[in-house]
Amino acid sequence: MSTESNNIKSLDIENEDFRNSVGTMDETGKRKWIFPRKPKGKYTNYRNYTSYFLLALFFGLPFIQINNNPFFLFNVIDRRFFILGQPFYLQDFFILALGAVTSVIFVMLFTVVFGRIFCGWLCPQTLFMEMVFRKIEYWIEGDRNKQMKLDRQDWDAEKIRKRLTKWSAFILISMIISTFMFMYIVGYEQVFQIMTEGPAEHPLKFITMIFFTMTFYFVFAWLREQVCTLVCPYGRLQGVLIDKQTINVYYDFKRGEGRSKWRNNEDRKAEGKGDCIDCNQCVVVCPTGIDIRNGQQLECVNCTACIDACDEVMEKVGLPKGLVRYATESEIENREKFRFTPRMKATTVILALLIGFLGFLMYDRGSMEAKFIKPAGSTFFIKNGKITNTFIYTLLNKSNEKKTLTIKVITPAHAEITYFGSEKIILKGDEILKGNINITFPEEDIKFSKQNMVIGVFDEKGKLVDKFETTFEGPFKLAL
């Protein structure tokens with residue numbers, strides 16, 4: 001018997017266990033545990049390389065600084081926020097809100113054209129589940145058939161040893177992920193300080209880290225694919241976003257049906273049979289337990305494991321690859337070759353513009369923010385024919401550079417400013433400074449009881465870096 005025939009028969013033998021375990025729930029609604037076969041192939045290699053890069057980013061970014069600022073920090077407790085090394089303040093949250101709206105639009109447009117590529121290639125849930133925890137599981141318990149055998153056997157020494165080893169490894173990895181997640185909140189220096197000083201000095205933060213650890217363990221050890229199929233809102237949303245022109249992982253039913261088992265030396269075309277040999281390998285590798293041959297489904301995360309599995313079988317039986325591939329439904333129905341359509345080009349341009357707009361929002365915030373507020377309950381006073389108002393100023397240096405600043409009244413003219421300190425205000429990078437000034441005008445220049453005024457803040461080169469509109473108060477005057 002040929003090696004090719006042996007390979008096909010081995011696929012059929014493996015499917016005996018599979019036919020009784022299709023899907024994620026049985027007829028009573030009880031969950032069925034998924035044991036996906038370890039994928040291999042071109043797309044799996046590409047996903048591995050992508051995951052290595054993203055994991056290196058995840059574990060490396062907390063230690064990267066730009067101009068002595070964290071690359072990314074979202075410290076809600078201390079109200080310290082950094083994105084790409086740029087500090088953000090509560091005053092800038094409208095920019096983050098606009099950025100969030102822009103991101104949602106980006107995701108929607110991206111999904112309309114390119115489907116759920118994010119889910120299979122970039123999503124943290126898929127990344128950690130398939131590229132970290134699943135690989136550990138394969139290493140300890142073996143591939144699909146060995147895992148299923150282990151699951152069925154009694155709790156003997158082998159099963160206890162392997163399960164305890166796996167669970168311990170999962171807890172350790174969850175703890176590492178939790179620690180790095182915490183670094184994105186409080187910074188790596190504080191995390192190391194917490195670890196050095198121990199839980200007695202930081203009980204609340206240790207409890208928080210333990211909570212995150214157990215959450216990650218629960219998600220990756222038990223919840224698993226149900227995050228994608230039941231919890232994730234993006235998976236629900238994609239059902240109303242994709243259409244026949246959306247790129248997704250599709251089964252070419254025009255070519256594959258009717259499916260039939262492989263027989264050597266058979267003219268399948270003359271027999272009216274399709275290229276699908278009904279080996280079910282596209283299903284046994286699926287991490288969400290679906291059959292891609294049943295059409296596009298909400299549970300499909302576009303991980304491409306079924307593409308590699310089908311291409312491997314097609315190569316063994318001498319049929320063309322691509323029975324399962326990236327395609328559009330319209331392309332398969334009309335038997336067209338894939339082409340980058342005008343819609344795809346236009347949407348790609350729009351996506352690039354959205355990214356540019358998001359970058360513009362992040363960087364076009366100005367380097368300085370100034371506010372001049374009258375103290376509560378204060379009023380004006382008149383002395384020697386001059387009217388004086390007191391203001392409390394708040395200066396925020398959003399840059400990383402030290403600035404020497406001067407305050408001047410832009411309008412109206414003829415203002416005098418009295419400082420409670422030096423006229424030259426020195427402000428360090430990422431610093432907030434408060435102080436008081438008196439602004440004085442000749443009485444004849446003030447025509448109204450409340451007169452509009454613009455106060456400017458200038459740098460050492462005389463360049464206006466920010467201005468603030470307020471009112472100057474004076475005595476009530478009856479207009480004649």
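We're working with a predicted model, where local features need pLDDT of at least 70, side-chain atom pairs count only at pLDDT 80 or more, and totals for chains, interfaces and linings use all residues. Residues are numbered from 1 along each chain as its sequence is written, and side-chain values use heavy atoms, with hydrogens and water left out.

**The largest pocket**

- The largest pocket holds about 1,300 Å³ of space (a pocket being an open set of points on a 1 Å grid over the protein atoms alone, where a 1.4 Å probe fits, with protein on both sides within 12 Å along at least five of seven lines).
- Its lining counts 35 residues, and L61, F72, F118, L122 and P124 sit closest to the centre; a lining residue has an atom within 4 Å of a point.
- By class, that lining is 31 nonpolar, 4 polar and no charged residues (Ala, Val, Leu, Ile, Met, Phe, Trp, Tyr, Cys and Pro count as nonpolar, Asp, Glu, Lys and Arg as charged, the others, Gly among them, as polar).
- Elements giving two or more residues to the lining include helix 2 (42-60), helix 3 (93-114) and helix 7 (157-186).

- Four strands make an open, antiparallel sheet in the order 13-11-15-16 (strands pair if DSSP finds at least two bridges between them).
- Strand 13 (425-427) and strand 16 (464-473) are the edges, each pairing on one side only.
- Strand 15 (residues 450-458) runs antiparallel to strand 16, with 9 bridges joining the two.
- F458 has L464 of strand 16 as its bridge partner.

Definitions and conventions:
Points joined across faces, edges and corners; volume = space filled by probe spheres on them.
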